[in-house]
Number of protein chains: 2
Amino acid sequence: MVDESVDQVLRRHGVQVTAQRLAIMGAVSSRPHATADELADDVRARIGTVSRQAVYDTLGVLVDKQLVRRIQPAGSAARFEDRVADNHHHLICRTCGTTVDVDCAVGAVPCLTASDDHGFEIDEAEVIYWGVCLPCRKSAPNSKALPTTKPATRPNARSKNV
Amino acid sequence: MVDESVDQVLRRHGVQVTAQRLAIMGAVSSRPHATADELADDVRARIGTVSRQAVYDTLGVLVDKQLVRRIQPAGSAARFEDRVADNHHHLICRTCGTTVDVDCAVGAVPCLTASDDHGFEIDEAEVIYWGVCLPCRKSAPNSKALPTTKPATRPNARSKNV
DNA sequence: AACAAGTTATTGACTTTGTCCAGAATATGT
DNA sequence: ACATATTCTGGACAAAGTCAATAACTTGTT
């Protein structure tokens, strides 16, 4: 039933319907904020096998058609999500990379107004809140202030090595 | 004179002072929003040679010490900048990747308040405005709406190939 | 001024994320 | 069922970063 609908949606947007694409859309909606690799794994669980290229291609098409949104937090691979109509934002844990949705703090589409547009034609305002989630705060009792823009998944500077 | 001051700043933050670091700080402040590679080139113009690793390490240290801010727009390498005290944001051209500073539209540090913190301890709100700059709009007369989150520097999906 | 101890820098291999290409497989309209 | 265009596959390739061992510096102390 859901697949039926997805099928329709793809057609309506002039996108050819394939097993891979159906599975990829399913993966994106069932696990929001996943990376391309994670989605590929998910898709493989659904239909046995997909090429990495098919995943990237499809994701690219879906993003173009605005059926999927791509977000790319500092220091981690691109992530993809289903929720695309509303303008919501993201809150990411600096320690574990967990990403959660946050509704727009200001209202409808107001963030779209920069104080000075510098001659640009602005079409989107992307907001990412950075912080540390509760579990990570509990498990790591270093109350020292955390670095301000540390990559989410990969540690950066070589810490005081031997 | 400026170097003198930079020297002091590094020391004050407990960072050892080396020729590479001085040059890297100089590069960051003289060309805002540059990538690590661009900074390396700039540094080489200043002191002859640096290893890529030195650039990454130093940048990492400076970011940790909050002397430099790292921003990572979708589809392009990380970029670094000097302006770190004020909470300003960025406006990036989807077509050419040009990045300009934009003062916070709302005021002081208000963006720091998400509508729901989900138990996170939030320490930064990062805002990126996406659009197309004036020169790019003039040179590319395709009035069709642009895709919503297309990488800044690298085209993504293979466009209708032969 | 010279030393010792600890930080940094260099070099080169390696990983991750993503793209290009050519040929095989599939979807779609008639 | 067919023809044609699109999509998928698989392997090579590229860019951005990271790791690890060794050599070179900084810095505080004598």
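Q: What is the strand order in the open sheet of three strands in chain A?
A: The order is β1-β3-β2 (chain A), with antiparallel pairing. This is a predicted model: local features need pLDDT of at least 70, side-chain atom pairs count only at pLDDT 80 or more, and totals for chains, interfaces and linings use all residues. Residues are numbered from 1 along each chain as its sequence is written, with chains lettered from A and ligands numbered from 1 in the order in which they are written.

Q: Which are the edge strands?
A: β1 (34–35) and β2 (69–71) of chain A, each pairing on one side only. Strands pair if DSSP finds at least two bridges between them. Strands (E, at least two residues) and helices (H or I, at least four) are DSSP runs, numbered from the N terminus.

Q: How many bridges join β2(A) to β3 of chain A?
A: Three, and β3 covers residues 79–81. Arg69(A) has Glu81(A) as its bridge partner.

Q: New topic. At what angle do α2 and α4 of chain A pack?
A: About 70°, with the axes 10 Å apart. Axes are lines fitted to C-alpha atoms, for helices over the stretch in contact, and angles run from 0 to 180 degrees between N-to-C directions. So α2(A) is roughly perpendicular to α4(A) (65 to 115 degrees).

Q: Which residues make the contact?
A: Gln20(A), Arg21(A) and Ile24(A) of α2(A) meet Ala54(A), Val55(A), Thr58(A) and Leu59(A) of α4(A). Contact puts C-beta atoms, placed from the backbone, within 7 Å.

Notes: Angles under 35 degrees count as roughly parallel, over 145 as roughly antiparallel, 65 to 115 as roughly perpendicular and the rest as oblique. Two residues are in contact if their C-beta atoms, placed from the backbone, lie within 7 Å.
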